[in-house]
Amino acid sequence: MITKYIAAVTTRFNPFKKPSKTCRVFLAHLPADARMKMKINTTVLGRDSQEPSFLKLTFKDGKEMQLDTEKLKINDVVVEVDRHSRTLNRVADLEPL
Amino acid sequence: MASHCTISPRLRLCTRCLHQLQIKPSYYKYLSTAAATTPAPPMHQLTSSPPPLARFPPTQPPSHKPPAFRKSQLHRQYTSLLRSNPVLLLFQHNNLKASEWISIRRELHLALQKTDQALSTDVASAIRLQAIQAGIFESALLVADHYNPSQHAHPGTLPPHPTDPSTQSSAQIANHTPNPYDPTLTHSLSTHAYISVAPHKRSHPLRVLLSGPLAVLSFPTVSPQHMRAALSILSPKAPIFAAPLRRTNPGYHDAITQAGLQKLMFLGARVEGRICDLEGARWIGALEGGMEGLRGQLVGMLQGFGAGVTRALESAGRSLWFTVEGRRTMLEEEEKGGDGEVKEGS
C-alpha cells in the first residue's frame, strides 16, 4: 500500500465486532514512522457498543475518503487507497524539479 | 577362545532382554557349535516374557502435528501460558521497532517492580509482554478451555502390566504400538486433545480479537494492583490510571517510548476465563486494596449480616421479655394499690 500521500487517518471501531478487522489491519499496514508523518486518530469502542466502524482518510492534496469498513475488506481498502495514491504519484513524477 | 568371544546380535533385542540373556551365559555357551539342536528356553523365560520396548520415551510423547515444527512448539508454549496465567491483556502492535519494544518493556518492568516493593511480593519478573501468533494462540485457547486430560486418563484400574503372567497375550499394552489413540497419551499436543477440541472450532469468544499483529501481557496471579500499574503505563487514563510524571520517571516520556506506546493498542483482556474490554480491565485494576481489599469487604458485609440476624432473632425474645416484665410491674403496682385501698378502707 502506498502510504506516502496520506495526511490523516481517523478510525473508530469496536474490536469485539468482526468488521473491525479491516480497520485494525489497515492500522497495521501503516509504516513504523507513520505517526511522525501523518495524523492518526484511533478510537477503540467498548464491547457493547453498536456503533458501526469507519475509516476516514485525508490525502495530502486535500481529498477526503470515507470508507465503509462494515462492507469492505482490507484488500478493497488497499485498492481504493492505491488508486488515488497512484494518481498523486504520477503528478509528483511529472512535476519539474 | 570361544568363551571369550561374544555372540554378535543377529536379533535386535531391547536392553533389558539382552541383560537377561547375559546374566545366564551358560545356556548359550554352545550356540556357536550346536547348529542343529536348539536348547529349550530357560525357566525364567517360560514363566515371564521380557518387557516389550516402550515406543515413546515419557518426555517425548507423539504429537498430533510433527513436533519439530515451530507451530507445534508455539502451541505447547501458548497452552502452558494460558493454563498458568489467569490474567491476559491483549494488545495490537502496529509495526513497533525493536528499540520501542525495549523501552516499553523497561518502563513496564520498572512500574511493576515499584508495585512489588509496595506490596512486598515477587511477581514482576513473571509478568511478560510477548508477541503472539494469532492462529496458533486461538487453537491453544481452545485446548486450554475445552480439553481436560483427566477425562481421557485411565479409569480407576491400572493398565495391564507387560510382564505380569496374568496379562493375556491379546491385551492392549499402552505405549507399545505406534497408536496415536493410545489412552496414556493425554498431553495437549495429543490426538485426543485435537479430537476433543474439534467441535469447538471457530466458536471461542476471544476469536474476533485474534487477527492482525498481537501481543499479550500475562500475569501469573490475579493482582489488581499490578494490573493498575501495567495499564497506567500501556494505556493511561487520568485519575486512577495516570501515567507517571515526567519528574519522577523521565524514561516514560522519552520520544522512543511514547512513539511505541502510540502504536500499542489495547483490545481486550481474559481474566480467569472471562473476556472483558478496556473498561472491564480498568474496573478490575481500580479495585481498591486488590484481592485482599475485596475479601475484607466481603468479610465485613457477612459480619454485618450476622449481627443483623442476631439482632432480629433476639428482638422477638426481648419484646416478649419487655411485655411480660411490663405486665409483672403492672400487676405488682395493682397489688400494691389494692393493698393501699384495703388499708385505707380498714
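A charge sits over a ring if NZ of Lys or CZ of Arg is within 6 Å of the ring centre and within 35 degrees of the ring normal. In this predicted model, Arg47(A) lies over the face of Phe16(A), at 5.0 Å from the ring centre.

**Nonpolar cores**

In soluble globular proteins, nonpolar side chains tend to be buried together. Here the largest nonpolar core has 43 residues. Val9(A), Phe26(A), Leu57(A), Phe59(A), Val81(A), Leu90(B) and Phe137(B) have the most contacts inside this core. Helix H5 of chain B (residues 134–146) gives the largest share of the core, six residues. Another core, of 32 residues, lies apart from this one and includes Val87(B), Ile104(B), Ala111(B) and Ala281(B).

Beyond its neighbours within four places in sequence, Leu57(A) is in contact with Ala8(A), Val9(A), Phe26(A), Lys63(A), Glu64(A), Met65(A), Leu67(A) and Val81(A).

**Aromatic pairs**

Over all chains, the count comes to three aromatic pairs. Two of them are listed below.

| Pair | Centre to centre | Angle of planes | Kind |
|---|---|---|---|
| Tyr78(B) and Phe137(B) | 5.6 Å | 70° | edge-to-face |
| Phe91(B) and Phe266(B) | 5.2 Å | 85° | edge-to-face |

Tyr78(B) belongs to helix H3 (residues 70–84) of chain B and Phe137(B) to helix H5 of chain B, so their pair ties together parts that are 59 residues apart in sequence. Tyr78(B) is buried, at 2% relative accessibility, and Phe137(B) is buried, at 1%.

The pair of Phe91(B), in strand S1 (residues 87–93) of chain B, and Phe266(B), in strand S4 (residues 264–271) of chain B, links distant parts of the chain, 175 residues apart. Phe91(B) is buried, with a relative accessible area of 0%; Phe266(B) is buried, with 5%.

Definitions and conventions. Residues numbered from 1 in each chain as written. Chains lettered and ligands numbered in written order. Predicted model: local features only at pLDDT ≥ 70, side-chain atom pairs only at ≥ 80, totals over all residues. Heavy atoms only, no water. Core = buried A, V, L, I, M, F, W, Y, C linked by side-chain atoms within 4.5 Å. Buried < 20%, exposed > 50% of the residue type's maximum accessible area, 1.4 Å probe, protein only. Helix = DSSP H or I, 4+ residues; strand = E, 2+ residues; numbered from the N terminus. Contact = heavy atoms within 4.5 Å. Phe/Tyr/Trp six-rings, centres within 6.5 Å; stacked < 30°, edge-to-face > 60°.
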